[in-house]
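Load the model in your viewer and keep the selection tool ready. The tour goes stop by stop.

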Amino acid sequence: MFHNLGRLLRYRGLIQSLVARELKARYRGSVLGFFWSFINPLLLLLVYWFVFSVVLPGIRPIDVQPYALFMFCGLLPWTWFSSSVLEASNVLIMGGNLIKKVLFPAEVLPFVTVFANMIHFFLGLPIIAAALVYFAVPINWLDLLWLPVIVLVQLIFTLGLALIVAPLTVHFRDLKDILGNLMTFWFFATPIIYPMSLAPEGGKWLLDLNPFTHLAISYQEVLFYDGPFGHWKWLLALGGASIVLFLAGYFLFDRLRDSFAEEV
Amino acid sequence: MTHAIEIDSVSKVYRRFARRRQFATLKSALLSGSLISDLRPDETFSALRDVSLAVPQGQTIGVIGPNGSGKSTLLKLVAGITKPTSGTVSVNGRISALIELGAGFHPEISGRENVFINGIMLGLSKREVTRKFDEIVEFAQLEDFIDAPVKTYSSGMYMRLGFAVAINVDPDVLLIDEVLAVGDQGFTHKCLDKFAEFRRRGKTILLVTHSLGLVERFCDEAVWLDGGQVKATGDPKRVVDAYLIDVEEDEEQYIASGDAKARDATEAAVDETADPPDMFQATEGRWGSREIEIVDVTLEGEDGDASHVFPSGARMSIRVRVKAEQPVADFVFGIGLFNAEGVCCYGTNTDLEELKSDRMAGEGEVVFTIDTLDLVAGTYKLDVAVHKRDGYPYDYHRLLYTFRVKSRTNDIGIFRPRHRWTFPTNIRFTGPLE
């Protein structure tokens, strides 16, 4: 396994060019092209803003201002996460031709989906930056240094999950559909459209069990709230757990690798 | 001599799922606790059984065999795409597998970008692809289209580009799976030239093909796979001949059983008073009053054995057993020969050849001998009939007998006149001119 893990480094050129291809191919032929990477998260934000500011203004937390910016801090990383996992569940089947007909390292495929979605996430960051400036949110520069750490933890966590989901879907095609619904539930079980402080006392421990809660809170604390970043212990713990998840995912992937060419 | 490919008692077992298992889902697997056991094979199918093969470096090996004999599985094992169930496969040097051309192409992006990504997938570095880029594009003859998205390519262009990239990986071992059928004549020749160049440079080639001529011309050795096992290996000509004989035997059986089926069907549906169907409609059938009955028809080759496959130009005899319960005075024997498209190649009868019928009683055998079966390769069907001079049928067998003409020459048409070429001394050929 560790031998194969080492091979991953050799594939970085391949991963790089496949990510580039993915990004290029995604918007090829559409009028706005690459701008969709900016527009998509903005439109998504607009939908949620509409729901919680116009349709259901009563639910909206009063003390969180500006609410749209708060939501965006969680929504953007969530989009990266959920798109990656959902796409990863399909990636081996979509790449069946490669796996069956070419000597191709299959683990490259889930990596490519996660990295490609990460690039979209990065492209959304300037929107947050602009909003921060616009709303004149006080920024604690020291806290901002934590941002790369949060991104790294999320990356490892997402990769781990992608490596588990991708090979299992090959054997159980239903997983793809189950995942779609699971992700919707997961979204609402994460403090993204509501702050953690609004969660009922009894349900807090449940939210704490949700790994993405800590990623969302970390993003919110670093980008949205002023004051020192107090969630770092949780974040580092999640980082450790993510590494274990990643290794477990890679182990599973490696075990099932030989079956891909026949099952895809 | 070092071996480029060593296959040591390799077996490959594919798993097949019973119907019940096929629809197993994660939920049901979890509920019944069979998650782990479902990931294990239950019903199995052996694609390869105990295959051993050693290919010395620089050799070109042709793998032949009928569909489903395990040729492609063997190639995939050598390429490392699948792992053997038991046994070992070892390959020395860089492999390039031409199993499916352009397998990694993304339809939305340009040919240029695809060449880079495909090259990197096949193990080249970005710099190597840059260096070889012009050569690849030139080989694929796609200079004008290289910046168009691949989805706009014709299938030929797609294949050519895939081939050009794969061949320019500069492998030590080249695996080819029936890919020469893709391009036009010109491109096929280019590919063959490229293979010849590979051979000159001492590369190893493993070629899976149904083109037996290619194996004979091109390979140092041939391997004949059948039912997942090596049936013969060695000199290409010898192996190909052995294979052809085997194919012929299979064809014999196939034709014989097909004919028997057609006759059974007409036997069941026979209505002796029925009007004959339109003579120009090429459907099988049998009709007639049976005052004279055709009991049996056999085809015979030069050796006098019953056969269904004949070499072009050989002798063929049609033996027709006939029987008349009562003496008959008015009768004509006829034979018609049709090709697979239903075109009448030849037809004659005793009346046309001015033989006047006199008397027939009891049982006997009529033999129609064709001394030289001057037909091109293909499948032919026979009409055999006995009728009155005015056409009233006693027993008409329409297209109920099939035979095949085989030939090493791929000439076209129906009839092959006896011929020869004559050339002046200043026009010379090399090759097997007789």
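**Ground rules.** This is a predicted model: local features need pLDDT of at least 70, side-chain atom pairs count only at pLDDT 80 or more, and totals for chains, interfaces and linings use all residues. Residues are numbered from 1 along each chain as its sequence is written, chains are lettered from A and ligands numbered from 1 in the order in which they are written, and side-chain values use heavy atoms, with hydrogens and water left out.

**Stop 1: the interface.** Select chain A and chain B together. Contact here means heavy atoms within 4.5 Å. By that test, 26 residues of chain A meet 29 residues of chain B. The two chains bury about 2600 Å² between them, and carbon and sulfur atoms give 65% of it. Buried area is the accessible area (1.4 Å probe) that two parts lose on being put together, summed over both. Now pick Arg21(A), Lys101(A) and Phe172(A). They supply 25% of the area that chain A buries against chain B, more than any other three residues.

**Stop 2: helix H5 of chain B.** Select residues 111–121 of chain B, which form helix H5. Helices (H or I, at least four residues) and strands (E, at least two) are DSSP runs, numbered from the N terminus. How many of the 11 residues of this helix are buried? The count is 10, so the helix is largely enclosed by the rest of the structure. Buried means under 20% relative accessible area, with exposed over 50% and partly exposed in between (1.4 Å probe, protein chains only). Among the buried residues are Glu113(B), Asn114(B), Phe116(B) and Met121(B). Show what covers them: the cover includes helices H2 (12–27) and H5 (96–101) of chain A, plus H6 (126–140) and H7 (155–167) of chain B. Just after H5(B), Gly123(B) has a positive phi of about 105 degrees.

**Stop 3: the cores.** A nonpolar core is a set of buried Ala, Val, Leu, Ile, Met, Phe, Trp, Tyr and Cys residues joined through side-chain atoms within 4.5 Å. The largest has 161 residues, and Phe81(A), Leu92(A), Leu215(A), Phe260(A), Phe163(B) and Phe195(B) have the most contacts inside it. Helix H4 (residues 67–94) of chain A gives the largest share, 15 residues. Zoom in on Phe81(A). Its neighbours include Phe157(A), Leu161(A), Met183(A), Trp186(A) and Phe212(A), not counting residues up to four places away in sequence. A second, separate core has 30 residues, including Ile292(B), Leu373(B), Leu375(B) and Leu382(B).

**Stop 4: two domains.** Colour chain B by domain: 3–244 is domain 1 and 282–406 is domain 2. These bounds come from an automatic or database domain assignment. The C-alpha centres of the two domains lie 48 Å apart.

Stop 5: Two strands pair if DSSP finds at least two bridges between them. In chain B, find the open antiparallel sheet with the order S11-S13-S16. Its edge strands are S11 (292–300) and S16 (360–370). Strand S13 (residues 316–328) joins S16(B) through 10 bridges, and Val322(B) has Gly364(B) as its bridge partner.

**Stop 6: strand S17.** Select residues 378–387 of chain B. Seven of the 10 residues of S17 are buried, so this strand is largely enclosed by the rest of the structure. Eight antiparallel bridges link S14 (residues 332–339) to S17(B). End at the hairpin of S17(B) and S18(B), where five residues lie between the strands and Gly391(B) has a positive phi of about 100 degrees.
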